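Hi,

Here is the structure I promised to pass on to you. Have a look at it first, and then read my notes below.

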Amino acid sequence: MRSLLFESFALRAYLAASVVGLTAPAIGTFLVQRRLSLIGDGVGHLAFAGVALGVLVNLTPLWGAFAVAVVGAVGLERLRRRGRLSGDLSMALVFYFGMALGVVVLSALGRLDASAIGILFGSVFTVSTSDLIVMVVLCALNVLAVMLLYKELLAVALDEESARAGGLPVDALNLVTVAMTALLIVAGMRAVGLLLISALLVVPVAASSRVAHSFRGAMIIAMALGVASAMVGLIVALVQGTIAPGGSIVLTALAFFALSMMVGRRAARRHPRRVAA
């Protein structure tokens, strides 16, 4: 079993899941602050439709997911910005449309099989070297964007109207945020799965918010928890042998959240004024 943990496929899985676990909370911190936690689910469902359309036109599923997820995320942001649909209603419609379209197209093609299930729930142990390179590049682009635009994205996340009044290109920054989310969803669909990747956008952030005392601190802790969740979840899946790694990663993240709840409550009892500040 020990040798299995260091096989080449396992090493690729560790790196793939870790870069996703690092990147997802970096974006998710801004989404949670803006109460857009469910956008990952919406874009994930769209990406599944993209996978199906990619199969239909003989395109690599990754690139089909990429195209539809980015276009859909931008369209969703435009609808939200213009106020034509409420945020919750927009997300719900995207959920239903993306999943239904993907299921219909794949079933009509006879391709609603194990590979489709792997895309939905993750198949990180089958990640190839070329898949890994694409994932690393997409995640690196996201992290670079966060580093370069951190102050601007933070200003919009904290108070969109004040940021607009201050002369920031709020609409463009919003589009960048949803585009980064789409890139992350596509990068993470093989590692965690389209139906579970949004959990890494939210759960580590929720955990870090219980113990951090600043926005930057919450982001750093969330990124660390994302990587830890990925590594622990994968090792558990490898050792156990039969459980899905995507689910194991998400359950590990939820366990960290439960632990952060306990730590946060103890800190509140010991230093109530500090926590309140």
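Predicted model: local features only at pLDDT ≥ 70, side-chain atom pairs only at ≥ 80, totals over all residues.

Residues are numbered from 1 along each chain as its sequence is written, and side-chain values use heavy atoms, with hydrogens and water left out.

The protein chain has 13 helices and zero strands; both are DSSP runs, helices being H or I with at least four residues and strands E with at least two, numbered from the N terminus. Its radius of gyration is 19 Å, close to the 19 Å from the globule rule for 277 residues, so the chain is as compact as a globular protein of that length. That radius is taken over C-alpha atoms, and the rule is 2.2 Å times the number of residues to the power 0.38. Of the 277 residues, 46% are buried (under 20% relative accessible area, with a 1.4 Å probe and protein chains only).

Now to helix H1, residues 8-33. H1 has 26 residues and reaches 38 Å from its first C-alpha to its last, close to the expected 38 Å (1.5 Å times one less than its number of residues). After H1 comes Arg35, with a positive phi near 60°.

Which residues of helix H5 are buried? In H5, residues 114-121, they are Ala116, Gly118, Ile119 and Leu120. Gly122 follows H5, and its phi is positive too, near 95°.

Enjoy exploring!

Technical notes. Buried < 20%, exposed > 50% of the residue type's maximum accessible area, 1.4 Å probe, protein only.
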